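Biologist: I'm new to this one, so could you show it to me and let me ask some basic questions?
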Amino acid sequence: MPISPVRVRFAPSPTGRFHIGGARTALYDYLIARQTSGQFILRIEDTDRKRFVSGAEEELVESLHWLGIEWDEGPDVGGPYAPYRQSERTEIYKQHAHALVESGHAYYCFCSPERLSRVRQEMQKRKQPPRYDGTCRRLDPAEALARVDAGESHVVRFKTPRQGTTTAVDLLRGPINVENATLDDFILLKSDGLPVYHLAAMVDDHLMHITHVLRGSEWLPTFPLHVLIFQAFGWEQPTWVHLSVFLNPSGKGKLSKRQTLDPKSGVKAIHVLDLQEMAYLPEAVTNWIALMGWSYDDRTEQFSMLDLIQKFSLEKLVPSPAAVNFSKLDHFNGIYIRSLSLDDLVGRLRPHFEAAGLRPTVDQLRSIAPLIQERIRTLDDAVEIAGFFFHEHVEPDPVGLIGKNMDAEQSALAAEKAHQVITAQVSMDPDVMEPALRQLAESLELSAGQLFGILRMAVTGQKVSPPLIESLEVIGKQKVLERIDRAVQLLETLP
RNA sequence: GCCCCCAUCGUCUAGGGGACUAGGACGUGGCCCUUUCAAGGCCAAGACCGGGGUUCGAAUCCCCGUGGGGGCACCA
């Protein structure tokens, strides 16, 4: 466990929507930074102008804020190693690329993209790994420099050693040995003068004094190259930690956007903001994400952000891929909803009712919230289960009004009697109402369940609802009586 | 095709040579509670991928196989 302050960075590229995989990496970064009183840096890797998506950075920022993940240095807050947007650091990368050429670790390449793809195709045809054929590697450096000075279009390639092996050490996996001969001469600087990830990220990680690099395991194949780059510069390496990928709930294949469209997949949403929109609590999402690929012990499952900061450790990360389990998110969300204070719950509920076009008052919500708190899994469920409180009329299914093991006539009679009983009560207080209605059931030789079932459908229009007696009080005497009247009418239309 | 990584219940995981009749959680099934639905309580089914080693002893270490995943761009 790192005890001295770490400097970690989350370095997404603004090329699309922000998903839970990125959120987990950012979360872990944040946790060790806070735990060690270190710094968490947000860096935007926007060196690919073709893939740039406008609004992506904004979504990222909004997502992290929502989850409660805050950074100490970044494009918006600045910091001692600014700028934190790679597109604003192009000169730095150019200098470093050229330094590598001068030290003999890289070379200029003048091959056209057309030639490159031709070479690649041929190699594939011969069932060989598609790699650069090394044409420009054999060029005389002075001659190459002259061509560059003459303005010829070029890139900078890393001169990967042809012999030997490179050992890259991952914190979770130990040493990974790779034959250098299987590595390609990767491009470091593109012909437009912008760097590629392999260069930019290494340069920035060094310049920004990053001590621990947490990133996805999709970087494992190029990991040795990154080590080689550090060695070429003569820099000390950070601690490398490769996080496993998220798999689809089935465990088959990487979690992907395409699967989201298939309801059978079990995928609810893979984008953080979609989870927010689906009315999940950020603390539930955080807890859920933290536990995919990490565990504390053999029993503890609930962790607040503070708990996580205290208890998280890189060593307990699991290197194997994890299939996401959305039913577990539902479970956590239920736990967190039930743990909310009344005021907190009311505050969080309100926007969701309003989004549904309802205008509940705080007092109304305060009386309803306790009735539904332990029955909802997401905040949106509340609108579904408790919408009837706010509707002017309910539309019960006439057949549904018939009590269990009863006919329409008996049910109508029971409803009428209930109308009388409720009318006679001076108060809607459950302590008064419940005994009165139970007594009615008894005198009608009905079970409480039979009578309550009829009234439930009459008054809520639903087969399932919050507890009936308490609901009656909230709905109010007048509306209750109206709705029962209506139910009696409906029952009388039945044969 | 080549390279890399991974491998315990359906899923997330505990386990780091004897404490394992392999523990917990989600989900599933049953029971209890109960005015519906939940919540809660109790119970149950359910896993060490296969084969070789090493060792007195292997879920734990090594090798091979198999399976799964990832990568092979002037993307990140």
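Biologist: Which residues gather in a patch of negative charge on the surface?

Modeller: They are E392, E416, E482, D485 and E492. Before we go on: this is a predicted model, where local features need pLDDT of at least 70, side-chain atom pairs count only at pLDDT 80 or more, and totals for chains, interfaces and linings use all residues. Residues are numbered from 1 along each chain as its sequence is written, chains are lettered from A and ligands numbered from 1 in the order in which they are written, and side-chain values use heavy atoms, with hydrogens and water left out.

Biologist: What makes those five a negative patch?

Modeller: Asp and Glu count as negative, and patches are made of residues with over 30% relative accessible area and no salt bridge, like charges being joined within 9 Å. The areas come from the Shrake-Rupley method with a 1.4 Å probe, and a charge is placed at CG of Asp or CD of Glu. E392, E416, E482, D485 and E492 gather under that rule, so they get the name.

Biologist: Which helix gives the most to the patch?

Modeller: Helix α20 (residues 477-493), with 3 residues; D485 is in α20. Helices here are DSSP runs of H or I with at least four residues, strands are runs of E with at least two, and both are numbered from the N terminus.

Biologist: How do you know that β1 and β2 pair?

Modeller: Two strands pair if DSSP finds at least two bridges between them. β1 (residues 7-10) and β2 (residues 39-42) have 4 bridges, so they pair, in the parallel sense. V8, for instance, stands opposite F40 in β2.

Biologist: Why is the β-α-β unit there called right-handed?

Modeller: With the strands pointing away from the viewer, the path from the first strand over the helix to the second has to run clockwise. The unit of β1, helix α1 (residues 20-35) and β2 is right-handed, so its path runs that way.

Biologist: And what sits in the loop between α1 and β2?

Modeller: S37 lies there, with a positive phi of about 55° although it is not a glycine.

Biologist: What makes E57 and R85 a salt bridge?

Modeller: The rule asks for a side-chain nitrogen of Lys or Arg within 4 Å of a carboxyl oxygen of Asp or Glu. Their closest N and O atoms are 2.8 Å apart, so the pair qualifies. This pair links distant parts of the chain, 28 residues apart: E57 in helix α2, R85 in the loop between α2 and α3.

Definitions and conventions: Patch = residues over 30% accessible without salt bridge, like charges linked within 9 Å, V, L, I, M, F, W, Y side chains within 5 Å.
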